[in-house]
Amino acid sequence: MFEDQYNEQMEAEIQRLEAERLALDAGHQAVRNIVSRKHWIFDLDGTLTVAVHDFNAIRETLEIPPGADILEHLEALPPEESILLHRKLDLIERELSQKTAPASGAMELLSLLAKDGCRIGILTRNTHEIARLTLKGTGLDEFFPEPSYIIGRNEAAPKPDPQGALHLSALWGASPEDIVVTGDYLYDLLCGRSIGAATIHVDPAGEFRWSEFSDLRVSSLQELAAMRQQHGGI
């Protein structure tokens, strides 16, 4: 009887270990499917660069109600007032573009993607001009030599609207199954999900508040670069 019980316990343990192995293999395959893709759309501020925007302070400066979406609020104003506040916002963002730095792992990840011949684009709620200034100031501009791969709020409806992501997809002739949208905020994830792309949430705090909208979660681009190096480039 003791031998039968022992055999049953051993069989149960073997089955448990096999189930864990299969789950681990499935997890690795899921990561590989995402990080090996050839078309990458990045958010800029807070994703490729260190976050420096104090949105509450910006709202206060522009006299926008707390918690309101800044761009939506400005668009809803009378034309003259909207133009004036957009100019003020541009000045604020221009100043901030000179204060940021590359996010941890940004250079490494972009270098890996460029080496593997990936197409890399930016979809930002900032303007195209400010995005270019930010890239130049952080030294990331070498990875974005094609201006049409940088989509700002004047080239497409701001995220979470998928217009900009769809534009890049069409420009590249890429299907959603080969696109990754990477960002630090809900709008990035919603945008990616709406076109059927894989989504990666970058959150240095490790809180991952919107895990239901992300396929992969990392605390830094350095972590993502390590995943690409291990699973990508195939």
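Select the lining of the second largest pocket: by class, three residues are nonpolar, three polar and seven charged. In this classification Ala, Val, Leu, Ile, Met, Phe, Trp, Tyr, Cys and Pro count as nonpolar, Asp, Glu, Lys and Arg as charged, and the others, Gly among them, as polar. The space in this second largest pocket is about 210 Å³. Leu-71, Glu-75, His-86, Arg-153 and Pro-158 are the closest to its centre among the 13 residues that line it. A pocket is an open set of points on a 1 Å grid over the protein atoms alone, where a 1.4 Å probe fits, with protein on both sides within 12 Å along at least five of seven lines; lining residues have an atom within 4 Å of a point. Grid points are joined across faces, edges and corners, and the volume is the space filled by probe spheres set on the points.

The model is predicted: local features need pLDDT of at least 70, and side-chain atom pairs count only at pLDDT 80 or more, while totals for chains, interfaces and linings use all residues. Residues are numbered from 1 along each chain as its sequence is written, and side-chain values use heavy atoms, with hydrogens and water left out.

Next, colour the elements around the second largest pocket. Two or more lining residues come from each of α4 and α5, and α4 gives the most, with three residues. Helices (H or I, at least four residues) and strands (E, at least two) are DSSP runs, numbered from the N terminus.

Within helix α4, pick Glu-75. Glu-75 is exposed, because its relative accessible area is 57%; exposed means over 50%, buried under 20%, and partly exposed in between (1.4 Å probe, protein chains only). Beyond its neighbours within four places in sequence, Glu-75 is in contact with Ser-82 and His-86, where contact means heavy atoms within 4.5 Å. Glu-75 and His-86 are 11 residues apart along the chain, and their C-alpha atoms are separated by 9.1 Å.

Now move to the largest pocket, which holds about 970 Å³ of space. Its lining has 42 residues, and those closest to the centre are Asp-43, Asp-45, Phe-55, Asp-184 and Tyr-185. At least two lining residues come from each of α2 (44-48), α3 (55-62), α4 (70-75), α5 (79-97), α9 (186-195) and β5 (198-202). The lining comprises 18 nonpolar, 11 polar and 13 charged residues.

The buried ones are Leu-186, Tyr-187, Asp-188, Leu-189, Cys-191, Gly-192 and Ile-195. Their cover includes β2 (119-123), α8 (163-172), β4 (179-183) and β5. Just after α9, Gly-196 takes a positive phi of about 85°.

Then go to Gln-29 in helix α1 (residues 2-35). Gln-29 is partly exposed, with a relative accessible area of 43%. Gln-29 and His-231 are 202 residues apart in sequence, yet their C-alpha atoms are 8.7 Å apart in space.

Finally, colour by pLDDT, the predictor's confidence in each residue, from 0 to 100. The protein chain averages 90, and 87% of the residues score at least 70. Where pLDDT is low, the predicted coordinates should not be read in detail.
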